[in-house]
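Dear colleague,

I am passing on the structure below, and would be glad if you could look through it alongside my notes.

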Amino acid sequence: MALAFITGGTVGLGAETARQALARGWEVAVLDLSDDRLPEDLKGVQFFKGDVTREDTVTAALDAMGAVPDLLVNNAGIVTFMPLLECSKAEFERVIAINLTGAVSVSRLAAERMIPRGSGSIVNITSTGGICTSPGTHAYAAAKRGLAAMTELMAQEWGPLGLRINAVAPGMIDGGMSTGIYANEEAAERRRAAVPSRRLGTESDIAEAVMWLASDAASYVNGHELVVDGGVTKNMMSMIPR
Ligand SMILES: NC(=O)c1ccc[n+]([C@@H]2O[C@H](COP(=O)([O-])OP(=O)(O)OC[C@H]3O[C@@H](n4cnc5c(N)ncnc54)[C@H](O)[C@@H]3O)[C@@H](O)[C@H]2O)c1
């Protein structure tokens, strides 16, 4: 049975990805800061308490999971909002450490194990916030754009060794860390109107994209950032007043 290793997989997009992997017959291992929010339907997955910024905890999880993962999903992430003038060096570095450095170091630790086998897939969860930056997102935008760059670099270096490394860039998703934003129906409606598909994305939209990239159907896709945003990032000209 194939093994999927999902960071930050107890809630939100990561939990939904775990669900979809289980439904497709994968075994699932989740690493997160705590299992307090692990939903009932995911109680059967292997859970590892860990922190993507702490290589010792990631190594311990990889060593304990009983098999080399076939799929790593670098999903763990945080976002904070403030003007750049108010963003301390410590806060900037904290957001980079989890969203970028953490994802790269988990990738390297997993790749060290996948490469001797000659196969494996990594999916990095980036964001349209790294493609179209917006004021207040400081290091999150930098981290996600950086992770997209690292996706290409990993494909260049590890592709010849049998690995595929891709990214999924979610757009406006009514779920996970954005749930609070869309609790306000007026805000949700304003945003829906800006999406060519005229709806917000779901956790399932993202999990489906991850599972497709991990599947054999995507066996010739490598180094790609798949934007899943209902068309928003391609919609700029319709926002410009005539
Ligand atoms: N929800 C959205 O609208 C959206 C949009 C674009 C991109 N994303 C990206 O999707 C991914 C998942 O986001 P979500 O919306 O499900 O968020 P979420 O806040 O619901 O879940 C994030 C998970 O990451 C875990 N995590 C945080 N720091 C960690 C650390 N140091 N080590 C291990 N785990 C850690 C959290 O405990 C949590 O379980 C993130 O990378 C996020 O940037 C989300």
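Predicted model: local features only at pLDDT ≥ 70, side-chain atom pairs only at ≥ 80, totals over all residues.

Residues are numbered from 1 along each chain as its sequence is written, and side-chain values use heavy atoms, with hydrogens and water left out.

The ligand takes up the space of the largest pocket, where a pocket is an open set of points on a 1 Å grid over the protein atoms alone at which a 1.4 Å probe fits, with protein on both sides within 12 Å along at least five of seven lines; a molecule sits in a pocket if more than half of its atoms lie within 2 Å of its grid points. There are 28 residues around the ligand, of which Asp32, Asn75, Tyr140, Met177 and Ser178 come nearest, a residue being near if one of its heavy atoms lies within 4 Å.

As for polar contacts (pairs of N or O atoms within 3.5 Å), a polar side-chain atom of Asp32 lies 2.5 Å from a ligand oxygen atom, whereas for Asp51 a polar side-chain atom is found 2.8 Å from a ligand nitrogen atom. A polar backbone atom of Val52 is 3.0 Å from a nitrogen atom of the ligand. Of the 840 Å² of accessible area that the ligand has on its own, the protein covers 93% (Shrake-Rupley method, 1.4 Å probe).

With best wishes

Notes
Polar contact = N/O pair within 3.5 Å; in protein donor to acceptor, adjacent residues only side chain to side chain. 1 Å grid on protein atoms, 1.4 Å probe; cavity = no way out; pocket = protein on both sides within 12 Å on 5 of 7 lines; lining within 4 Å.
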